Amino acid sequence: MTQLQTTWGWIVAFYLFLGGLGAGSFITAAVIYLATGDRYKSTVRFGAWVSAICIAVGTLFLLLDVGQPFRALVLFRSFVNMTSWMAIGAWLLILAIVVNGLFALFRTDWTLGYIGKIWMPLQEKAGTIRKILAIVGIPVSLGVAIYTGVLLGVLPFRPLWNTWLLPALFTASALDTGVGLVAAYAAVREKAEGAKRLGKVLEAAIITLIVVEGAVLGVFLSTMLNGSPDAARSAEMLTTGALWPALWIVVVGLGLVVPLLVCITQLTGLLKKKAALVVPLVGATSCLIGGWTLRFVILSAGLPAMLTSPAMQQMLEGIKYLP
């Protein structure tokens, strides 16, 4: 029986998930803010705080996995090689926490009032500062989402991870979960005029992202199954092996199909008022569970490449040398 990959476990899965969720939440909140201004303050504030907290907690999970988190913090100061994805990722995380956190502070009334007591010009220019932070934070957050896949993709000795399709898959999932969580909040808590229209736009965005994520997942699995023997061995664990229930039932069924049906139901307006408040929460919860499980099964199936000589490989493939 093939053993699962356990070097990187559930802690790293939580980092990958929270980093992606935080990135997707901020991008959603920032786009809403830039497009509508102060109309949907509650939803934008929620997305900003979720982003800052998720990325900060996710980074903490990553440091904890190192084993000595306080020593690992020093690494951020020594990451000066900007040709290294580790260095780029470290600074992206720092920038995201700072930029997204500042945006959340400037979007919250009571913290903005406190800022005004310290220095009034900051409060007076709050609108301009928020726009700058939103514009800067979108590419930074997108970089964090991409980095959650690149962190694994740069490892050549794990064939399942060593593909550009992995950052694409994790980025699509990050946007899907981020938009899904913000949309659920908007459906339940947003009271501003035009909230229903905002909800429909977000539901349509989720449907598009689910289709994109499903397509990328399909291409990823197909490419791996038809790739090297090591890549195929890992992919088979996902599709037909020990991890198939988690992939097909949780990731695809719960994480993609259920939110898709919820969004379609929301857009058609067939739900009664009480159900219209509960169903979005069900869709968001299933989306989040599927998003975390996706990362966990990808990690678990990332088996190392078999280190064999050419002669041994030929023997395994049934090729015999002539005497």
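Trainee: How does Ala305 count at 25% relative accessibility?

Mentor: Ala305 counts as partly exposed, because its relative accessibility is 25%. Buried is under 20% relative accessible area, exposed is over 50%, and partly exposed lies in between (1.4 Å probe, protein chains only). This is a predicted model: local features need pLDDT of at least 70, side-chain atom pairs count only at pLDDT 80 or more, and totals for chains, interfaces and linings use all residues. Residues are numbered from 1 along each chain as its sequence is written, and side-chain values use heavy atoms, without hydrogens and water.

Trainee: Where does Ala305 lie?

Mentor: In the loop between α12 and α13 (310-316). Helices here are DSSP runs (H or I, at least four residues), and strands are E runs of at least two, numbered from the N terminus.

Trainee: Which residues is Ala305 in contact with, leaving aside neighbours within four places in sequence?

Mentor: Phe157, Pro159 and Asp230. Contact means heavy atoms within 4.5 Å. Ser234 is 71 residues from Ala305 along the chain, and their C-alpha atoms are separated by 9.7 Å.

Trainee: Zooming out, how many helices and strands does the chain have?

Mentor: There are 13 helices and zero strands. Of the 323 residues, 47% count as buried. Take contacts between residues at least 6 apart in sequence: 79% of them join residues at least 24 apart.

Trainee: New topic. How many cavities of 30 Å³ or more does the count come to?

Mentor: One. A cavity is a set of points on a 1 Å grid over the protein atoms alone, where a 1.4 Å probe fits but cannot get out.

Trainee: Which element gives the most to its lining?

Mentor: α12, with four residues. Lining residues have an atom within 4 Å of a point. Among them are Glu203, Cys263 and Cys287. The elements that give two or more are α8 (165-189), α9 (195-225), α11 (244-268) and α12 (273-300).

Trainee: What's the split by class?

Mentor: Nine nonpolar, two polar and one charged. Nonpolar covers Ala, Val, Leu, Ile, Met, Phe, Trp, Tyr, Cys and Pro; charged is Asp, Glu, Lys and Arg; the others, Gly among them, are polar.

Trainee: Cys287: buried or exposed?

Mentor: Buried, because its relative accessibility is 4%. Cys54 is buried too, at 11%.

Notes. On a 1 Å grid over the protein atoms alone, a cavity is a set of points where a 1.4 Å probe fits but cannot get out, and a pocket is an open set with protein on both sides within 12 Å along at least five of seven lines; lining residues have an atom within 4 Å of a point. Grid points are joined across faces, edges and corners, and a volume is the space filled by probe spheres set on the points.
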